[in-house]
Amino acid sequence: MTAPILPGATIGVLGSGQLGRMFAIAARRLGYRVHTYSPDQDSPTGQVADHEVTASYDDLQAVAAFARDVSAVTFEFENVPSRTVEALGTGTIVRPSGQVLHTTQHRVREKQFLSGAGIPVAPFAVVQQSVDLHAGVERIGVPAIIKTASFGYDGKGQVRIPSADQAASAWARLGWQPAVLEGVVDFACEVSVVVARDATGAMVDYGAIENAHRDHILDVSVWPARVPEATAARAVSVARAACEALDVVGVLCVEMFVTRDGEVIVNELAPRPHNSGHLTIDAHVTCQFEQQVRTVCGLPLGSTAGHAPAAAMANLLGHEWAHGEPAWASALAMPNVKLHLYGKSEARPGRKMGHLTATAATPDEAEAMVREARRRLDPRL
Ligand code: AMP
């Protein structure tokens with residue numbers, strides 16, 4: 001075990017979006033300095049970091065110089081080229097490790113890892129050539145979904161295959177890239193579990209969080225998930241098993257489907273704080289971003305006890321600005337509603353601009369409150 005990196009030290013974060021911003025806020029609250037690295041200027045992370053480096057991920061000299069100025073490096077997204085991770089240098093503390101990124105940034109490697117570890121996943125086939133696609137459709141059946149192996153998130157790089165004769169055109173739409181073909185899971189709901197794991201192997205989690213998507217993008221999360229206790233316990237044990245098998249030192253979010261008979265199937269891993277865990281900022285003693293700071297720095301994990309019995313989070317996407325500035329005061333007039341904005345100046349449709357959180361006595365109440373708060377931002381939407 002290496003000695004902890006104590007407050008006053010500087011932590012580097014690769015990437016500069018809202019996840020890095022909320023990480024930087026947590027780190028600075030604890031007295032750390034934060035440097036961020038990305039190709040962007042005036043980024044959500046850069047606005048709250050001590051120092052913003054603007055350079056390409058392919059500028060390996062700039063990456064190495066960035067690493068020299070910090071005590072440890074973490075990530076706010078997993079699609080960092082492996083050459084960039086290598087350029088950080090062998091002497092740099094990097095959490096989670098390059099190995100974890102290597103597995104989770106590629107759907108084929110991730111699926112093979114999960115099934116090899118005995119963790120339940122949807123039936124899948126690796127597609128490199130047309131014969132793989134046809135054999136896969138034959139074995140898995142339809143409807144199915146084809147997803148690119150690399151650089152997919154929020155439903156990007158995936159196409160549904162309703163019938164066997166549409167398989168070839170679906171893959172063509174992905175440019176015949178290496179892909180994973182998956183059976184469509186007829187799920188009752190989707191849940192996620194955010195786990196934090198330290199270098200000794202100790203773990204904490206927040207239980208199951210229930211997620212509703214719109215157009216493949218997370219829309220609303222509710223904690224605790226409204227599923228039977230046994231299902232929530234199963235989701236937690238699957239997530240912890242994945243975290244341990246991957247040997248994550250950091251935060252891992254495991255997204256899962258809950259089938260109609262209560263089975264839990266893993267859809268995706270994210271080796272970092274996740275959108276569904278944003279409600280932990282307002283609803284829990286130690287939020288997911290502070291857990292990331294603690295695990296990166298080798299400090300003890302924090303309590304995941306709730307401040308309230310339930311909470312819900314609603315994403316604010318670019319379309320909330322369709323008629324101009326949303327009516328913030330109207331939402332903020334509601335008790336127990338909190339607003340988080342990410343400092344993005346351009347509200348493009350589908351772009352994650354911020355989120356609202358509500359805490360309440362029950363999950364139903366929290367969800368109703370956060371939806372009402374969002375509705376008040378622009379009742380015409
Ligand atoms: P992903 O980009 O893989 O996280 O997928 C985004 C969303 O698409 C998921 O949260 C699900 O709502 C849906 N989805 C993805 N894969 C499947 C599947 N195999 N069966 C059913 N729905 C899926």
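Where is A235 found? I looked it up and found A235 in helix α8. I note at the start that this is a predicted model.

**Entry: A235**

I checked the accessibility of A235 next. The relative accessible area is 1%, so A235 goes down as buried. I then listed its contacts, leaving aside neighbours within four places in sequence. A235 is in contact with V191, V193, M256 and V264. I also took a C-alpha to C-alpha distance from A235 to I119. The two are 116 residues apart in sequence and 11 Å apart in space.

**Entry: aromatic pairs**

I counted the ring pairs and got 5 aromatic pairs. I wrote out one of them, Y37 with F66. The centres are 5.3 Å apart and the planes stand at 65° to each other, and the pair is edge-to-face. The cut-off for that label is an angle over 60 degrees, so the 65° pair of Y37 and F66 falls under it. Y37 belongs to strand β2 (residues 33–38) and F66 to helix α2 (residues 60–68), so this pair ties together parts 29 residues apart in sequence. Which is it for Y37 and F66, buried or exposed? Both Y37 and F66 are buried.

**Entry: helix α2**

I asked which residues of α2 are buried. They are A62, V63, A64, F66 and A67. I recalled that an α-helix has 3.6 residues a turn, so residues three or four places apart point the same way. I then looked at what covers the buried residues of α2, and the cover includes β1 (10–14), β2, β3 and α3.

**Entry: T92**

T92 sits in the loop between α3 and β5 (93–94). Its relative accessibility is 18%, and the limit for buried is under 20%, so T92 counts as buried. A polar atom of the T92 side chain lies 2.6 Å from the backbone oxygen of L88. With neighbours within four places in sequence left aside, T92 is in contact with A67 and V73.

**Entry: salt bridges**

How many salt bridges does the structure hold? I have 21 salt bridges in my list.

I began with D58 and R83. They form a salt bridge whose closest N and O atoms are 3.2 Å apart. D58 is in the loop between β3 (51–54) and α2, while R83 is in helix α3 (residues 82–87), and the pair links parts of the chain 25 residues apart. R83 has 45% relative accessibility and counts as partly exposed.

I went on to D247 and R197. Their salt bridge has its closest N and O atoms 2.9 Å apart. D247 is placed in the loop between α8 (229–246) and β13 (250–259), and R197 in strand β10 (residues 187–197), which puts the partners 50 residues apart. D247, at 49% relative accessibility, is partly exposed, whereas R197, with a relative accessible area of 9%, is buried.

The next pair was D205 and R240. This salt bridge has a closest N to O distance of 2.8 Å. D205 lies in strand β11 (residues 203–214) and R240 in helix α8, so the bridge ties together parts 35 residues apart in sequence. D205 counts as buried at 14% relative accessibility, and R240 as partly exposed at 27%. I then traced salt bridges that share partners, and these join E210, R226, D364, E367 and R371 into one network.

**Entry: second largest pocket**

I noted a volume of about 160 Å³ for the second largest pocket. Which residues line the second largest pocket? The lining consists of R214, D219, H319, E320, R371, R374, R375, D378 and L381. I checked which element gives the most to this lining, and helix α12 (residues 363–377) does, with 3 residues.

**Entry: A333**

A333 has its place in the loop between α11 (328–332) and β16 (337–341). With a relative accessible area of 58%, A333 is exposed.

Definitions and conventions: Residues are numbered from 1 along each chain as its sequence is written. This is a predicted model: local features need pLDDT of at least 70, side-chain atom pairs count only at pLDDT 80 or more; totals for chains, interfaces and linings use all residues. Side-chain values use heavy atoms; hydrogens and water are left out. Rings of Phe, Tyr and Trp (its six-membered ring) pair if their centres lie within 6.5 Å; planes under 30 degrees apart count as stacked, over 60 as edge-to-face and the rest as tilted. Helices (H or I, at least four residues) and strands (E, at least two) are DSSP runs, numbered from the N terminus. Buried means under 20% relative accessible area, exposed over 50%, partly exposed in between (1.4 Å probe, protein chains only). A salt bridge is a side-chain nitrogen of Lys or Arg within 4 Å of a carboxyl oxygen of Asp or Glu. A polar contact is a pair of N or O atoms within 3.5 Å; within protein, one must be able to donate a hydrogen and the other to accept it, and residues adjacent in sequence count only if both atoms are side-chain atoms. Contact means heavy atoms within 4.5 Å. On a 1 Å grid over the protein atoms alone, a cavity is a set of points where a 1.4 Å probe fits but cannot get out, and a pocket is an open set with protein on both sides within 12 Å along at least five of seven lines; lining residues have an atom within 4 Å of a point. Grid points are joined across faces, edges and corners, and a volume is the space filled by probe spheres set on the points.
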